[in-house]
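User: Please walk me through this assembly by question and answer. Keep it brisk.

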Amino acid sequence: MQITSFGFLLFAALLLAVYYLIPKRAQWALLLAASYCFYLWAGIEYLGFILLTTLSTYAATMAMAARQEKQEKFLAENKATISREERKAYKASVKRANRVYLIICLVLNFGILAVCKALLIEPFKTAASAGTFSFLSLGLPLGISFYMFQSMGYAVDVYRQTVKPERNPFKLALFVSFFPQLIQGPISKFGQLAPQLYSPKKFDGKQLSFGLQRMLWGYFKKLVIADRIAAAVFALRGPEYTGVAFFVLTVFYAIQIYGDFTGGIDIAVGLAQALGIKLPENFIRPYFSKNIAEYWRRWHISLGEWMKDYIFYPISVSQPMLKLSKAARKRMGNFGKRLPVYVASVATWLVTGIWHGLTPNFIVWGMLNCFFIVLSEECSGLYEKFHGRFHLKEKKWYGGFEILRMFILMNLIRIVDLFPRVGDYFARMGSLFTTFNFRILWDGTMLQLGLSALDYIILAGGIVLIFTVSLIQEKKGSVRELLWQKNPVLRYALIFALLVIVLLMGSYGFGYDASGFIYNAF
Amino acid sequence: MKKKSILILCVSLAVCLALLWLLQALLMPKYMANREGALIAEYYGNAGNNDVVFIGDCEVYENFSPITMWEEYGITSIIRGSPQQLIWQSYYLMEETFKYETPKVMVFNVLSMKYDTPESTKEQDQREPYNRMTLDGMRWSVSKWNAIEASMTQEEREGLGMWGYIFPLLRYHDRWSQLEAEDFQYLFRKEQISDNGYLMQTGVKPVMGEFTEAPLVDYTFGENSYYYLDKMVELCKSHGTQLVLIKAPSLSPIWWDEWDEQMENYAQEHDLVYINLLDSQEQIGIDWTTDTYDAGLHLNVYGAEKLSSYFGKILTEKCGVADRRGDPQLSAIWAEKVKIYHARKEEMEAQS
Amino acid sequence: MEKLLEILDELHPDVDFETEEHLIDNKILDSFDIVTIVAEIDAEYDVAIPAEELIPENFNSAKALYALVEKLMDE
């Protein structure tokens, strides 16, 4: 089911009504039923995938929990008789045994994910070169990358004993399949999400209203902005568009993916909020970032957190790495000190790249990100000297410059998404320095990309609106909270105006291809 | 305080809904300039008491004039035609008609037998707008629902689907940039643009030469077409209405002999009357230099009057349709229609 | 504790680690810093901080971090 379809809205409305009418202790069961309805709607053939992940996670965590309990019991009973060393050794043995369960579970699940993604490489390439490319047509089981990462994070947490394992398989099934985030995240942590899923929720008019408002805002970003500009992004991929046209493509794609991805997250987080559940924020106005590390703290946050907790930290503080650090420090000084971090970074970005897709361009994308992060870390001392010398940090325009610089850099890196053949990407990048065809901006080329003058006006207006709202959020906090203080009639009028804008200016219905969310294919 | 805020919420919701409804009315096409799309909706004002109902595509609403048949034979008739009406649409229109009246004769133009599925029509990108011209005008009923289900193209199904019909606002939402004066002028009230379903044309454009089309590989009508034709036969039988199959005397698109044969056989098998009016052009008296407004695709009002005069006789003699001119109530209603018809004809002739 | 403060000061000379209680929440320490600290602690105290202990609660203040080191040394 398309999240932008009328059927989905009706489904959500029905769920909300029933959710607040039934006894509160049954609410979680209703969510589970709704989530599976949603999943079945997407295609019964995918049911096996989510069931397998749920069951394997359940089995592995229960097995680990049983061992851990036995350990607790044993240690409590023999508290007086065993020494600290024996105690340590016993704990270590339990952990070793549990590691087997964890590894089986991880290998099984990531194996499935890898096979699914590997099977898509060829269709992805042919579709991209044939020009019929669409993320949705790839047919990856709905949300598999998201629910799988979420479940595996939970399995690791149980292994690490940082969360209490869930004994009720149905409750665990809800954690895995909770449908608002099934489409494109956010990837939640068990400790943060699970207690909310199972607790009774009282009807709260304000939360409901805020949730619905946020959904509407998400639809605005998705339907009015992202789906409108999609046609031009598609057209600009053609081999004839080089130089300035390629630069325009990077900006348009930045707009599209922002509208598409943050819009989809707004819909998911908004719906969850209407249900009384707070999902983690996935974006904090990422295009306002001033450096790449900051950008990655503000863009796709939940994936970054996952990578940090389960890839970056375990690698960088592992025994071999610590040894490497000690050895490197002696020989290479300060750089050696940072070496383990860089090694872990490369691994993390490799995995992040693979998560997006198994084609080489996504690996290149990950490595480019990693390269610039390491570069900026290595140069940070130089930067500070430079900034200090010219007092740049105190100048207002410099902040703007930094933001613009980061926006352009990230655009140039991100665009590799669209070029499964990496050679094409580098050829286009090269053309930036050889082809100065600025005239395409005014010679009518822009009107041949599937966008009319009116489309550009709508896009410009929409972007101004999003920019204004983002500025207010940056300076004054929640816009919905500000509106809440105002006269209700004014509030309703503004919401209604936004609704009418989405209804009239959204790209949907006859003449538009049903375009799936970009991120639900990852 | 709480009561007050709930009141404000409810009032605001009501105002918003009213505004949305208004917006929908504004954005829906009015079909006052491009009149073909307004035909289906005009039926309801003239339903009841019709002895003959014509159903089909442009070959019925451009070629038959109910007013002429009333004037000459006292036949009460109405046309439920719409552009590129497909056979399943015709069937559901027929089904719906029986809710409003039970005519003595149902006349169906068989040209649409050639289209077996929504996907097999020509000019696929035009299919949905044409479907709309037939379906949007229908009042809501099970028949309308089924007609939509049978008509939707694959693209529609994957898009808005039924919701686009339940809330036409969703379908027409982007017309806001193309609104014209007529959208405001006819926001609440439309003009009557047909004469009992007949869409008058007074222009003249003679036929130039022979019509040719590439021969087909297979002339057999599709299974789906026959399925709906069968259903029509059953439906009419169950209401005691005589079903008459016709092929209007339009020269293009070509009505192949192989098709004609299949209809002949079908009529014989099911004990129906099938009349290929292409065979009686001389008896009708059609002059292809003066009686068509688009070079042979459709008749103009002069041709339609000739054809109606000829066909009214068949209805009277072969089908036993009665002369109603003796009924004072009907006569009064029809006198008004006749007046409008002639006024329209005069006005259009003056304009052209 | 002294040595720990030294390690921290070397990373960010401009921060007062004795009083700051929101090193993570206020984004003073990033993930690179944390890993560096772990390596330094490993070298200095011979205590390996496992990945699961790399949570904001343990790194928000020098005090919390020291408590963590002590706890791990104790085990």
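**Strands of chain B**

Analyst: Five of the five residues of strand 2 (residues 77-81) of chain B are buried, so strand 2 is largely enclosed by the rest of the structure. Buried means that 20 or more other C-beta atoms, placed from the backbone, lie within 10 Å of the residue's own; 12 or fewer is exposed, and in between is partly exposed. Strands (E, at least two residues) and helices (H or I, at least four) are DSSP runs, numbered from the N terminus. This is a predicted model, where local features need pLDDT of at least 70 and side-chain atom pairs count only at pLDDT 80 or more, while totals for chains, interfaces and linings use all residues. Residues are numbered from 1 along each chain as its sequence is written, and chains are lettered from A and ligands numbered from 1 in the order in which they are written.

User: Which residues point one way from strand 2 of chain B, and which the other way?

Analyst: In a regular strand the side chains alternate between the two faces of the sheet. B:Ile78 and B:Arg80 point one way from strand 2 of chain B, and all residues on both sides are buried. Pointing the other way are B:Ser77, B:Ile79 and B:Gly81.

User: Which residue stands opposite B:Gly56 in strand 2 of chain B?

Analyst: Strand 1 (residues 52-56) of chain B runs parallel to strand 2 of chain B, joined by five bridges. DSSP must find at least two bridges for two strands to pair. Opposite B:Gly56 stands B:Gly81.

User: How many bridges pair strand 4 of chain B with strand 5 of chain B?

Analyst: Five of the six residues of strand 4 (residues 242-247) of chain B are buried, so strand 4 is largely enclosed by the rest of the structure. Strand 3 (residues 105-109) of chain B pairs with strand 4 in the parallel sense over five bridges, and B:Met106 stands opposite B:Leu243. With strand 5 (residues 273-276), B:Lys247 has B:Asn276 as its bridge partner. That pairing is also in the parallel sense, and its number of bridges is four.

**Between chains**

User: Which pair of chains has the most contacts?

Analyst: A contact needs C-beta atoms, placed from the backbone, within 7 Å. Chain B and chain C do not touch, with their nearest C-alpha atoms 38 Å apart. Twelve residues of chain A are in contact with 16 residues of chain B. Of the two pairs of chains that touch, the one with the most contacts is chains A and C.

User: Which helix gives the largest share of the side of chain A that touches chain C?

Analyst: Here 19 residues of chain A are in contact with 15 residues of chain C. Helix 12 (301-316), helix 13 (319-332) and helix 14 of chain A each give two or more residues. The largest share, five residues, comes from helix 12 of chain A.

User: Which residues of helix 2 of chain C make the contact?

Analyst: Helix 14 of chain A brings A:Lys337, A:Pro340, A:Val341 and A:Ala344. Helix 2 of chain C brings C:Phe32, C:Val35, C:Thr36 and C:Ala39.
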